[in-house]
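This report describes the secondary structure elements of one protein and how they are arranged. The sequence and the structure are shown first.

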Amino acid sequence: VASRAAGMAFSSRRRNYMLVSHRRDQFIEFIKSLLRHSFVLDALEESALNSWRHIEELIEEHRARADGSSRLSHAVPTVGLFHTSLPLARAWRRFDKRYKVSSRRFVSPSFNEIREILNAAQILAFEQQQHASSASSTPRRGDATPPAQDRTTTTTKNNYSSLSFVSFDGDCTLYSDGKNFGDVEIAAQIKRLLVAGVRVALVTAAGYGYDAPKYERRLESLVRYLEAAADVDAETLRRFFVVGGESNYLLQLDAADDADDDSRPPNTTKEDHRREKTACLVPRPDVWDRIVRFDDAAVDALLDVAEASIRESIEDLNLRDARVIRKPRAVGLLPQPPARRELLDETVLRAQDALRAFSRTTTPPPNPRDGGGTRIDAGGGASTKTNIPYCAFNGGSDVWCDIGNKRVGVQGLQQLFGLRPEECLHIGDQFLNTGNDYAARSISCCIWITNPDETKRVLDDLLEVVEQPPSSDDDSDDDDRDVFEADGLGSGVRRPGSPTVRADGRPRIFRARTSSESGILDPSP
């Protein structure tokens, strides 16, 4: 009987696991469901804009209520933080103008289209923030003198947006999976960001310790492009950083004349190194160790648990030719031949489950709303097993468990530069819970792309905001300004005497004044 009961419990757990959508984003699925009704009723052209306005309203309420009592939290329990307002209605108008989504009859708005609209809204938010900050006499923190005035923090703010820092994932974001950087267009776009005074960092899972030449080989084309650019001086070079191993190692680009001896390959003199190139990556453990520090014994204990889980998966999933690689701050699985995505996901989720059980702690997690000021220090304690942050993820063709994660890496850079999350942007391709960009959402604005070509399109739009002075938006809803009162985002109300048809004969659509009156997503009885 006991055996049968245990079997039923295991079967129930397996059935419940199948309900977990680890390859879906619940917030995007929620938006899809809101738009699907309009599409089915063939009313997308008339009502989609109001739907996006309502989502804006829900986001603003969610941002104002840190206690989890927002309507959006009830509708999407997994929803995270929004570090800025998102002008979704404006982003929708631009997207629909280009791709005519509202004119389609058979294909409803897709997951990727909603993802792109969210991306566009995040870019527009930096322009919107600049409008707000320019109207205020209070300086932004990013414009103030950084706390540690040295080579890592010196910069000149010279752009028209509120954006001060951009971090990138590596594989499938700046270059193809497992390849080296080689795209001249992206190199030119990164250069323009640097010239505008924006700091840029590659925050990558690739961890080579402080072996700078190995990172340089991955970024050789970018480094050579920057050093050859006429408008890039030594100060501009020093705005580019690399954080390796998710959050374990910091390197900074610098002119070779000013670089430390640690950046040279073995058995070469400083003079030989200068003749070969004029820019190189310089290890900065002196800076990084003051910000991010992990207890070595706790690191080893956590990696032991991760390695045991990975080896168990190799046996259970018949991955017998796979290699297990153990590094000082990571352990990984390299299948030979390449394994199915489902097997890699299973290995990741097993490792995450084992690490969660091992890492239970009474120490509260750091508040993601804190902009910085304290060292990110993790280690064992008397009342805990470990509070070491980690990241177990599917790399596409392998599985890794790294000490630290991109939240720690990006937050460390924010502390170094004296920046708030709303001044920062992380661009990556793995924002599902089996990916390693997921953790960055709690500490930075994020843009979710799928390949380097999409990165280029996103950077084109971002550079428009950074390089061009603010101007009136020519795609704003001019014909609605006489109809919608300023009662808050998404709460347009028809004024007495307002026309009920547009100039082209189409009917106008009006919303209820508040969501509680309309009954939409109102959790109250």
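## Residue E342

E342 lies in helix α14 (residues 341-358); helices (H or I, at least four residues) and strands (E, at least two) are DSSP runs, numbered from the N terminus. At 43% relative accessibility, E342 counts as partly exposed. By definition, buried means under 20% relative accessible area, exposed over 50%, and partly exposed in between, with a 1.4 Å probe and protein chains only. The C-alpha atoms of E342 and N394 are separated by 9.9 Å, and these residues are 52 apart along the chain.

## Basis and overall content

The model is predicted, so local features need pLDDT of at least 70 and side-chain atom pairs count only at pLDDT 80 or more, whereas totals for chains, interfaces and linings use all residues. Residues are numbered from 1 along each chain as its sequence is written, and side-chain values use heavy atoms, with hydrogens and water left out.

The protein has 17 helices and 13 strands. Of its 525 residues, 51% count as buried. Among the contacts with a separation of 6 or more, 72% come from residues 24 or more positions apart, where contact means heavy atoms within 4.5 Å.

## The open sheet

Seven strands form an open sheet in the order β5-β4-β3-β2-β1-β12-β13, with mixed pairing; two strands pair if DSSP finds at least two bridges between them. The edge strands, each pairing on one side only, are β5 (279-283) and β13. Neighbouring strands of this sheet are turned by 25° against each other on average, direction ignored. Axes are lines fitted to C-alpha atoms, for helices over the stretch in contact, and angles run from 0 to 180 degrees between N-to-C directions.

Strand β1 (residues 165-168) and β12 pair in the parallel sense over four bridges, and V166 stands opposite L425 in β12. Strand β12 (residues 424-428) is also joined to β13 by four bridges, and these two strands run parallel. Here the bridge partner of L425 in β13 is C445. From β13 (residues 445-448), C445 and I447 point one way and C446 and W448 the other way; all are buried.

## Helix α9 and its contact with α7

Helix α9 (residues 220-228) lies across β3 (240-244), β4 (249-255) and β5, and runs at about 120° to β5. The axes of α7 and α9 come within 10 Å and cross at roughly 50°. That makes α7 oblique to α9, since angles under 35 degrees count as roughly parallel, over 145 as roughly antiparallel, 65 to 115 as roughly perpendicular and the rest as oblique.

The crossing of α7 and α9 is right-handed: a crossing is left-handed if the near helix is turned anticlockwise from the far one by less than a right angle, and right-handed if clockwise. V184, A187, A188, I190, K191 and L194 of α7 make the contact with L222, Y225 and L226 of α9. By class, this contact has eight nonpolar, no polar and one charged residues. Ala, Val, Leu, Ile, Met, Phe, Trp, Tyr, Cys and Pro count as nonpolar, Asp, Glu, Lys and Arg as charged, and the others, Gly among them, as polar.

## The contact of α7 with α16

Helix α7 (residues 184-195) also packs with helix α16 (residues 452-467), at an angle of about 25° and with the axes 10 Å apart. The helices α7 and α16 are therefore roughly parallel to each other, and their crossing is left-handed.

On the α7 side, the contact involves E185, I186, Q189, R192 and L193, which meet P452, T455, K456, L459, D460, L463, V466 and E467 in α16. The residues of this contact divide into six nonpolar, two polar and five charged.
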